[in-house]
Amino acid sequence: MSADTYSTRWRVLALLGFAELLGMSLWFAASAVTPQLRAIWGLTTAEAAWLTTIVQLGFVCGTAVAAVLNLPDLIPSARFFSAAAFLGAAANAAILAAPGYRSALVLRFLTGFFLAGVYPPAMKMTATWFRSQRGLAIGVIVGALTIGKATPYLVRAIPHVGLRPVVLTASVGAVIAGLLVMVGYRDGPFPFASRPFSWGHVRDVVRVREWRLATASYLGHMFELYAFWTWIPAFLAASVAATAGGRYRAPRAISLLAFATIAIGGFGSVWGGLFADKRGRERLVAISLFMSGSCCLLSGFLFGGPIWALGALAMAWGFFVIADSAQFSTLVTESVPPHAVGTALTVQTSLGFLLTMLPMQIVPMIAQKVGWRWGFAILALGPIAGIAAIRRLAAIRSPTKGSSISLSP
């Protein structure tokens with residue numbers, strides 16, 4: 001049996017997927033309890049938005065530091081992951097003792113900073129076990145982290161559960177994630193070559209045209225993704241309130257629907273991996289961007305309508321908005337020199353999360369001015385740009401058929 005089909009890799013994938021699910025639950029731990037934090041500290045809508053946006057900034061800084069110092073290619077991935085998970089868990093739990101809003105912002109920044117050692121290394125670790133079916137494998141990892149990010153909303157939806165259990169559940173999960181990887185992981189049969197530190201790794205990555213196009217499409221994807229994840233609970237709540245003349249709230253029901261909307265992306269990621277390995281990564285990206293962009297535009301027309309209709313649209317959106325995410329990372333692992341894979345993934349991720357901060361702030365500003373009905377419409381610009389870039393990449397990678405990418409399955 002060849003190493004690429006050895007059954008051990010599926011057990012390792014399960015371990016990494018579960019660890020990623022637990023570790024990434026830190027991301028929206030504060031976002032899920034924003035109403036309670038607003039009440040405690042008397043926050044405005046803009047201030048509350050920064051509790052999530054600052055995590056993005058921390059993640060960007062963390063990935064930038066890791067990329068410039070080549071940390072993903074110098075430090076063994078398991079150690080990097082575990083240390084980052086432990087530190088992120090501590091920063092997240094400390095918010096319960098924060099004396100005020102500014103201290104909480106610092107702690108949320110640190111949480112995002114440390115999560116930079118949880119997300120990209122997991123993709124690199126997975127790739128060392130998978131040469132064939134790599135798209136599916138990384139899709140499983142992205143699906144796991146998607147469900148992980150949604151779990152605080154699920155915990156929040158449990159009756160009589162308040163601020164402390166939501167935050168502590170995420171931190172405990174991250175500690176368990178670090179322990180799992182520390183004890184149970186080892187590199188697979190396809191490790192990426194490591195080189196001594198060099199300032200030139202980032203330069204080597206940026207020179208690769210395929211990396212630039214894959215990253216350009218990824219940026220279009222990210223322009224939409226986190227603003228959708230961050231504000232879909234507020235959008236759903238506003239729609240329900242509009243339906244009932246502003247009187248109906250049901251916060252726990254909204255939290256449950258928000259969880260389902262985000263978590264269904266886990267299944268979308270796995271489906272995307274299967275589809276991409278069989279039909280092509282560029283085709284999968286184009287289809288996913290088209291579908292999520294369409295949902296983005298349709299959301300305004302269903303706003304204020306029956307909750308089942310808007311909920312169904314939100315679930316479809318949640319499925320497709322993340323279905324292509326793993327493929328951008330897979331394209332990177334296939335396009336850059338092996339010694340720079342960790343740096344390439346980290347630079348791509350850093351740029352993507354830096355961009356997310358813009359739409360995350362713009363969406364609530366639009367909603368405040370014109371209402372939530374059309375708050376998401378601007379996000380469609382991301383899928384449009386992403387489709388244009390992925391078409392160009394397809395033409396390079398497969399000249400005979402890349403230019404004929406279809407949006408139909």
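Which residues are exposed on the other side of α2? Pro35 and Ala39 are the ones to click there. Here exposed means over 50% relative accessible area, buried means under 20%, and partly exposed is in between (1.4 Å probe, protein chains only). Helices (H or I, at least four residues) are DSSP runs, numbered from the N terminus.

Before going further, some ground rules. This is a predicted model, in which local features need pLDDT of at least 70 and side-chain atom pairs count only at pLDDT 80 or more, while totals for chains, interfaces and linings use all residues. Residues are numbered from 1 along each chain as its sequence is written, and side-chain values use heavy atoms, with hydrogens and water left out.

**Stop 1: helix α2**

Select residues 34–41, which make up α2. Its buried residues are Thr34, Gln36 and Leu37. They sit on the same side of α2 because they span an arc of only 160 degrees around the axis (the arc being that of the directions from the helix axis to the C-beta atoms).

Zoom in on Gln36, which counts as buried because its relative accessibility is 18%. Leaving out residues up to four places away in sequence, Gln36 touches Arg156, Gly162 and Leu163; contact means heavy atoms within 4.5 Å. Just past the end of α2, look at Gly42, with its positive phi of about 60 degrees.

**Stop 2: Thr151 in α8**

Stay with α8 and pick Thr151. Thr151 has 18% relative accessibility, so it counts as buried. Beyond its neighbours within four places in sequence, Thr151 is in contact with Leu21, Ser25 and Phe259.

**Stop 3: α12 against α14**

Next, show residues 251–279 (α12) and 307–321 (α14). These two helices pack at an angle of about 40 degrees, with axes 6 Å apart. Axes are lines fitted to C-alpha atoms, for helices over the stretch in contact, and angles run from 0 to 180 degrees between N-to-C directions. The crossing is right-handed, that is, the near helix is turned clockwise from the far one by less than a right angle.

From α12, take Leu257, Ala260, Thr261, Ile264, Gly265, Phe267, Gly268 and Trp271; from α14, take Ile307, Gly311, Ala314, Met315, Gly318, Phe319 and Phe320. Color by type and you get 10 nonpolar, five polar and no charged residues. Ala, Val, Leu, Ile, Met, Phe, Trp, Tyr, Cys and Pro count as nonpolar, Asp, Glu, Lys and Arg as charged, and the others, Gly among them, as polar.

**Stop 4**

Jump to α17 (residues 381–397) and select Leu393. Its relative accessible area is 1%, so Leu393 is buried. Leu393 touches Glu210, Leu213, Ala214, Glu282 and Leu331, not counting residues up to four places away in sequence. Trp211 is 182 residues from Leu393 in sequence, but 9.1 Å away C-alpha to C-alpha.

Then find Leu74 in α4 (residues 71–74). At 38% relative accessibility, Leu74 is partly exposed. Leu74 and Thr343 are 269 residues apart in sequence and 9.9 Å apart, C-alpha to C-alpha.

**Last stop: confidence**

Color by pLDDT, the predictor's confidence in each residue, from 0 to 100. The chain's mean is 85, and 91% of its residues reach 70 or more. Over residues 400–409, pLDDT stays under 50, and the model has 21 contacts beyond four places in sequence for that stretch. Where pLDDT is low, the predicted coordinates should not be read in detail.
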